[in-house]
Protein chains: 2
Amino acid sequence: MLTLPSATLSAATTWQSRRPSRTRWQNGATMREALTAAASRRVTRPAPLRQAVYDALTELIVSGSLKPGQHLVEAELAEHLGVSRQPVREALQRLQTAGWVDLRPAQGAFVHSPTEEEAAQLLGVRAVLETYSAQLAAQHAKPEDIERLWELQQDGVDALAEGDVERLVAANTALHEFITSVADNAVLAELISQVGQKVRWYYTPIAKPRGKEAWNEHSQLIKAIAKGDADRAGEVMRKHTERTTDFYRKQISAGASQG
Amino acid sequence: MLTLPSATLSAATTWQSRRPSRTRWQNGATMREALTAAASRRVTRPAPLRQAVYDALTELIVSGSLKPGQHLVEAELAEHLGVSRQPVREALQRLQTAGWVDLRPAQGAFVHSPTEEEAAQLLGVRAVLETYSAQLAAQHAKPEDIERLWELQQDGVDALAEGDVERLVAANTALHEFITSVADNAVLAELISQVGQKVRWYYTPIAKPRGKEAWNEHSQLIKAIAKGDADRAGEVMRKHTERTTDFYRKQISAGASQG
DNA sequence: CGATCGAGTTCTGTATACAGAAGCCTGTAT
DNA sequence: ATACAGGCTTCTGTATACAGAACTCGATCG
């Protein structure tokens, strides 16, 4: 049985009351208030299985345990994960909408096989989304945001110096994600997250991360954001993502066999 | 019982064999080839209920029959649609990922209530996506595409002259969608579709469509695309969507009561 | 020897059943 | 009269059962 990452329930699992409830706290604020406030943070969440299954399958796909084109048999997944077919099916529905699997009627789920064309399109879309993200970030950034950006930048530079590839990739992701969070646009953040995860899925196995040059570009980007120069921030980010795109494409055309 | 738009199965329902099948058509191309090719387009598709339910619920939400914040009781929906709870649940999963409903654990599905902030963010994201779409369209457009664009433009101008609001909105959508199809980026098209549908859902009930000015801008846009001038096409589209954004915002701040 | 047909198997699609949680209502005490 | 407590009802979450479609494999016929 595989372990379900039930801890990964994510913040999306809001847990609030259906209605304001009859008992009105507005006027008659009695005792038990502090107690209720303390206990309101339930320790044991019901943890919907479908969410855990969704996370588990996404992880299995991204990590490559489930290969593109592979047929996902519901009963098999259910047994491996120790649940019934029902939560598995619900997770598969979401995976389809998110683009991780293809659901063929009466045949079941298959891990999505991205074509090179689709991968190229993903990079293009990511570029415009990231550009917009940088522009918004430049408009909304506060001093403490800039501070944090430089910290993340330093993390990346350190990882680069130490040759720690895994940490380097993590630092890069963290920096871009923080810029997106500074941009303060939830719709944009959601799309970037979707697209970015797919890009990493497709390119991480066949391309190594960029090096010093990329982090110099990050540095310029942060400076532009710090100045509140949205145009320049967007332009720097646009070139940055374009260079990353070229970098990936070159490695692909050069042949993926350079482990 | 509500009618299920089962005809709306969409092209996404690919229907091909799980594996290349043992019978290899590569070498031994025998008879029955033409026959098979003709019969391959099955007339009677199984029509997965979940898809029909998904389409039906989306329609109900977009049309306003199901109001934002409304609690969707599975058993109720199932009975109305004449199916069991299972397909309903699967459809709800997809609706959640697409952002149409919020799923609260142990409480069920609620029609998503977009905030004004979210609506504004949608407009911003749509602007950058449409801009990119216009740029790509300018790069990829063929002569026959330009021809078709002018036809669609004429449709809109005619509808405007006749004061046919419904046809005007349809023409506008058709023009933008065709530009996206010319852009030839499936990933982009998918995102624009998602965002666009949400924008229409939010703004159509409270804002009237733009008039002559918008179609003049369309005309400029088509000219730029015809010349293959990606920069100008993008710039025109960017201003076009920004003006639409302003147009919507003004009507909202002016108060929605201007039937 | 190869293609076709048909029975058996596997898997999906859908329906139904059951357990547990959340909300609602009534009764009771202060 | 108000607040709390308990039982009752409703709904979700999950599991199981069953029908039908698709695939597999072997037998038969050309």
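In chain A, strand 1 (residues 71–72) and strand 3 (residues 108–111) run antiparallel and are joined by 2 bridges. The model is a predicted one. Strand 3 of chain A is also joined to strand 2 (residues 101–104) of chain A, by 4 bridges and again in antiparallel fashion.

**Strands of chain A**

- Arg104(A) has Gly108(A), in strand 3 of chain A, as its bridge partner.
- Strand 2 and strand 3 of chain A make a hairpin that leaves 3 residues between the strands.
- In that hairpin, Ala106(A) has a positive phi near 65°.

**Strands of chain B**

- Strand 1 (residues 71–72) of chain B runs antiparallel to strand 3 (residues 108–111) of chain B, with 2 bridges joining them.
- His71(B) faces Phe110(B), which belongs to strand 3 of chain B.
- Strand 2 of chain B is antiparallel to strand 3 of chain B, and 4 bridges join the two.
- Gly108(B), in strand 3 of chain B, is the bridge partner of Arg104(B).
- The hairpin formed by strand 2 and strand 3 of chain B has 3 residues between its strands.
- Ala106(B) sits in the turn of this hairpin, with a positive phi of about 65°.

**Relation of the two chains**

**Extent of the interface**

- The contact involves 39 residues of chain B and 39 residues of chain A.
- About 3700 Å² of area is buried between chain B and chain A.
- Carbon and sulfur atoms give 56% of that buried area.

**Polar contacts and composition**

- Between chain B and chain A, 11 residue pairs are in polar contact, counting pairs with both residues at pLDDT 80 or more.
- On the side of chain B that touches chain A, the elements giving two or more residues are helix 4 (85–98), strand 2 (101–104), helix 5 (116–140) and helix 8 (186–203) of chain B.
- Helix 5 of chain B supplies the largest share of this side, with 9 residues.
- By residue type, the side of chain B that touches chain A holds 17 nonpolar, 13 polar and 9 charged residues.

**Salt bridges**

- Over all chains, the count of salt bridges comes to 24.
- Across the interface of chain B and chain A, 2 salt bridges are found.
- One salt bridge is made by the side chains of Arg89(A) and Glu90(B), at 2.6 Å from N to O.
- Another salt bridge is made by the side chains of Arg89(B) and Glu90(A), also with an N to O distance of 2.6 Å.
- Arg89(B) lies in helix 4 of chain B and Glu90(A) in helix 4 (residues 85–98) of chain A, so this pair joins two chains.

Notes: Residues are numbered from 1 along each chain as its sequence is written. Chains are lettered from A and ligands numbered from 1 in the order in which they are written. This is a predicted model: local features need pLDDT of at least 70, side-chain atom pairs count only at pLDDT 80 or more; totals for chains, interfaces and linings use all residues. Side-chain values use heavy atoms; hydrogens and water are left out. Contact means heavy atoms within 4.5 Å. Buried area is the accessible area (1.4 Å probe) that two parts lose on being put together, summed over both. A salt bridge is a side-chain nitrogen of Lys or Arg within 4 Å of a carboxyl oxygen of Asp or Glu. A polar contact is a pair of N or O atoms within 3.5 Å; within protein, one must be able to donate a hydrogen and the other to accept it, and residues adjacent in sequence count only if both atoms are side-chain atoms. Ala, Val, Leu, Ile, Met, Phe, Trp, Tyr, Cys and Pro count as nonpolar, Asp, Glu, Lys and Arg as charged, and the others, Gly among them, as polar. Two strands pair if DSSP finds at least two bridges between them.
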